[in-house]
Every structure is written in structure tokens, then in C-alpha cells.
Amino acid sequence: MAQFKFLNEVNSFIAMDGELAKGPVPRWQRKLNLSGASTSFNSSALGNTSSRGMLSVSLSGNANNTLQLSTTGVSLKTPRKTGAKGAAASSTKKSSQTPGKGGTIGQPGVGGDRFIPSRTTTDFDLGHYMVQQGAMGSDENGENEDATGQNPISPKLSERMRSLSEAMRGCDITSKPLLSYRVKPERPPEGHVNPMKAMYSVKTPMSAKSSSRYIPNAPERILDAPEIMNDYYLNLMDWSTDNVIAVALGSSVYLWNAATGTIEMLFENEGNDHACSLSWIHEGHILAVGTNAGTVELWDCENIKRLRVMNGHSARVGVLAWNSYVLCSGSRDGTIVNHDVRTRQHNIGVLEGHTQEVCGLKWSPDGKYLASGGNDNLVHVWSAANGSPHAAGEPLHVFNQHQAAIRALAWCPWQPNVLASGGGTADRTIKFWNVANGQLMNSVDTKSQVCGLLFSKTYKELISAHGYVNNQLSIWKYPSMTKQSDLMGHTGRVLQIAMSPDGSTVMSAGADETLRLWNCFAPDPLQAKKEKAAVREKPSLLKQSMR
């Protein structure tokens, strides 16, 4: 019996068909127990009873004595990289998931795997209306549901659908898509208001967008201007073609050389006399000075010498304008006098049109028109007399749309027939006129007093000087008149602005007794480089003849 007992123990020890009752739990069984525990909650929630698979190992009596494992219910095979690649390769060979070039967008079953609508061709008002109608229809269908479980259409709903179809010009709204690829859907019925339109129709305002070029917001240089007169009707600064700035401070007139930085006093008046206007001749070093006594003086600034004194007004001369050898002067007496500075009898004509002080004068670039602005809220345009550099006769146009005095005048350099005018505190607008036909082209509300206007020589832009509230200089894009930048810094209103000979710098004179240089129209170096590269150098005749 002992030997049989020993044989039974040996057989049971080498038997591999049953479960192991003793010893540590094998690794595969531990993994099986963990996976079974993690999936037990899901299987119980779904109500599926799954028995844990048992592993049976049998020693087959084949020629190779291979060990065969069989599992029930759960696969214990660990995925391998080679197997995953092989499966991916086989699936790729079977069918390609990437849409080919031949696929047509918008057809079902062809192309991509998701719907990407086009916002430009989608009508959100119609979509919102259809969603609201669908919700109302589902509520009414739920109320009218009968015992058979069907949802019959009520006469009221059918009548609504019929009227809606007529309003949509026979369109069946039940089959109309809410979103579209290319075809723009029908418009919603007239009078329908979408309350959620503001959520997807907000656009960035033009003023918030960055400008196309860099504009420095700080002045390049600040100069002191003590005792400068805070008078809206006076013109106390001018910039010559020789890069010399003349400015009237109190009873004196000073010259500042912008190239060297030297300062020189031209003259000083005695008593209560003071300069009311300054204007450089276009080419040369002759400065015209209008006084509060009603006279016009010519000064040779190179030799610091007064050349002559010209009469013609009974009140102060607040504005001057050169046109070749003719100097026009505007006075508080409402007249404009043409002075021929070459002759002894300098007064060659008087223009009478304004009823109050003339505070703005500007000749057009081609010398054909003279624009004058006055305290009577009128802009007059005078034509040159028979090709002469002076105006005569009656005004060609009289513009009366301004509501305040007009001191700021500027002619467009690339459109000689376009005139810009700016109004005072009660007007605050910049208006553009076509002097060829006398029509108002545009009007822009600047929200503040307009004290000066200048067109840029480098860019198609306009700079304006303002008073209360911000005392700023504003740069506008012309002709759209979109604001590019505001140059802040003056604590008092800007009395006048002048431009450098090269057109890159603007000087502003403020009531805060400062002169500020703004490098706001500097040429773009990249653009200049491109233009220089575009111009090809012409080969010389010497190079052409050499072989």
C-alpha cells in the first residue's frame, strides 16, 4: 500500500491538468485576478454574467511534445509591437481612411470624417429661427400626441408651416440645412430679430487696429518758448526751406537753426508792438513779419537787416501767404492785400469778402487758387488773375458749412484741387472741398478745436493740431480719415504746426510755452531700400563700348 501511495503522490505531483493547490500563485493567474476585479463593476452594471476563464494545460502526445494552453472567456495574449504594426498595415491596405483628391466635400460618405461649416455662407438668423420653430413644434406635438403614440400635425401648426413656406418663397424649411458649405441659405422672414446676433457678430473697431507703420508717440525734442502769445488768430511760427525756424516770443522774433541748433534774435519791438504773423519766402532767406500796427515788414535774415515796410491795413496783420514774388496779407479789418515785393507801388489788389478778421491764408501748390478763412465762419476760394501770382475780383467759391472761425487750411499736394479746412471750438470738424466744382467731399468730427492742418509729403496722411480737451496732434489716413495715432504731450492747446523741408518732422507750438519736434513722418527705411533696389543703374557708354 505504501508503494501505491507513493505512486499516487508522484502522479499528482507531475500532473498538469488541474489547478495548483499549493505554492505561490502564478503570475498569469495574478494578472487574471486583477483584470477580473477591474471589470467586475462594469460587467455587473451591464447585467452580464461572465465566468472567469480557467487555464488548462495539457501535454499532447504529438511528435514535438508541445505544450498547449487553452483559455475560456478571457484572452491572456499580450499585444506586441510587431502585431500592432502588422494590423495597422493590413487595415491600411484594406481601406484608406484619408479622403483622396477625388472626394467631393459635402457628399455623404465621401471625403472627410467631420462637418466643417463655412461661417461666411451660413445664415445664423435663419438657423436661430428654425431652432425656435422646431422647439415650438415639439412642444405642440407633445400636447397633441394621441393614444396610438403618433404625433399628428395640428391645423394650427400646418397653417403656420404653410404661411412660413410662402414667406420663404416656396422653400421647404424642414429640409433646409442650418449650416452650409458653399451655397448661401435663404434669408429669414422679414421682421425676425435674432437676440444672439451680438455674440458672433462683434468686430474689432478700426481704431483698435494697429497702424501700418511705426509712429513715435514721444517728441524728439522739446524747446522752451517763453512769452508766446496764446491767441487763436495769430500765426507766430514758420519753418523755412533753409531749415531755419522763426518764432515770435513776446515782442521779439527769434531764429533757430534746426541743423546746427544755434539761436539768434532777429529783432525786438519797442513798447507794446509785437509780431502777429511770420512767413518765409519759398526760396531764400527773406522773412515777412505782420505787426499789430497793420504793417508788413520784410527782413533779410542772413544779414539781420530790415528791407522795407509795406502798408495797406488799418488793423493787425494776423496771417501771411507767399506765391512767388507776391505776398498776401490778411488783417482784422477783413481785407486781403496783394503785395508785389519787387516794385515800389507794392499794393496791386485788395480782396474784400470777409466781414470779420481773416485768420487763415493758403495758396494751392500749383498757384492757381488762394484759400482764405475768417472769423465770420466762411471759407473763400479766390482764383489767380489771368495766370498772375495774385488773386483778384470776386471769390470763386464761398463755403459756409462751418459753425466757427476757420484758421486751419491745407491743400492736398497730390490733388491740387482738394482743400482741407478746420473749424474752431463751436465746429470741431475737418471738411474737404473740391474747388473744381465747389462740392463738399467729406466732413469729420474731431471732438475738439482744430488749430492747424498739414498734409504729409511722404505718406498719404494728414496731421491736425487741436485744443481743448486733449491738446493733441492727430494723424489721419487720407482719404479714409481713419485715425492712425494721437501725439500727446502739450498741456495747453496747440497754437500752430509747421513742417520741416524734408517733410519728416513736424514742430508744434503750444500755449504751454513749449515747442515740440515730432518725427512722425520719417520715411520707412525698408521701403526706401526696396525702391532703391527697384531702380536699376543705367550702364555707361564706356562699359557698353568695352568688350
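The following legends describe close-up views of a predicted model.

**View A. An open four-stranded sheet with antiparallel pairing.** The strands follow the order S3-S30-S29-S28. Neighbouring strands are turned by 20° against each other on average, direction ignored.

**View B. The antiparallel pairing of S3 with S30.** Strand S30 comprises residues 514-518 and is joined to S3 by four bridges. Within this pairing, Arg 221 stands opposite Leu 517 of S30.

View C. A distance of 9.8 Å separates the C-alpha atoms of His 128 and His 192, which are 64 residues apart along the chain.

**View D. Aromatic pairing in the structure, with eight pairs found in total.** The ring centres of Tyr 369 and Trp 411 are 6.2 Å apart and their planes lie at 15°, so this pair is stacked. Tyr 369 belongs to strand S17 (residues 369-374) and Trp 411 to strand S20 (residues 406-411), so the pair ties together parts 42 residues apart in sequence. Tyr 369 counts as buried at 19% relative accessibility, and Trp 411 is buried with a relative accessible area of 7%.

**View E. An aromatic cluster formed by Trp 414, Phe 432, Phe 455 and Tyr 478.** These four residues form one cluster.

**View F. Arginine charges over tyrosine rings.** The charged end of Arg 213 sits over the ring of Tyr 459, 4.1 Å from its centre. That of Arg 342 sits over the ring of Tyr 325, 3.4 Å from its centre.

How values were computed: Residues numbered from 1 in each chain as written. Predicted model: local features only at pLDDT ≥ 70, side-chain atom pairs only at ≥ 80, totals over all residues. Heavy atoms only, no water. Pairing = 2+ DSSP bridges. Helix = DSSP H or I, 4+ residues; strand = E, 2+ residues; numbered from the N terminus. Axes fitted to C-alpha atoms, helices over the stretch in contact; angles between N-to-C directions. Phe/Tyr/Trp six-rings, centres within 6.5 Å; stacked < 30°, edge-to-face > 60°. Buried < 20%, exposed > 50% of the residue type's maximum accessible area, 1.4 Å probe, protein only. Lys NZ or Arg CZ within 6 Å of the ring centre and 35° of its normal.
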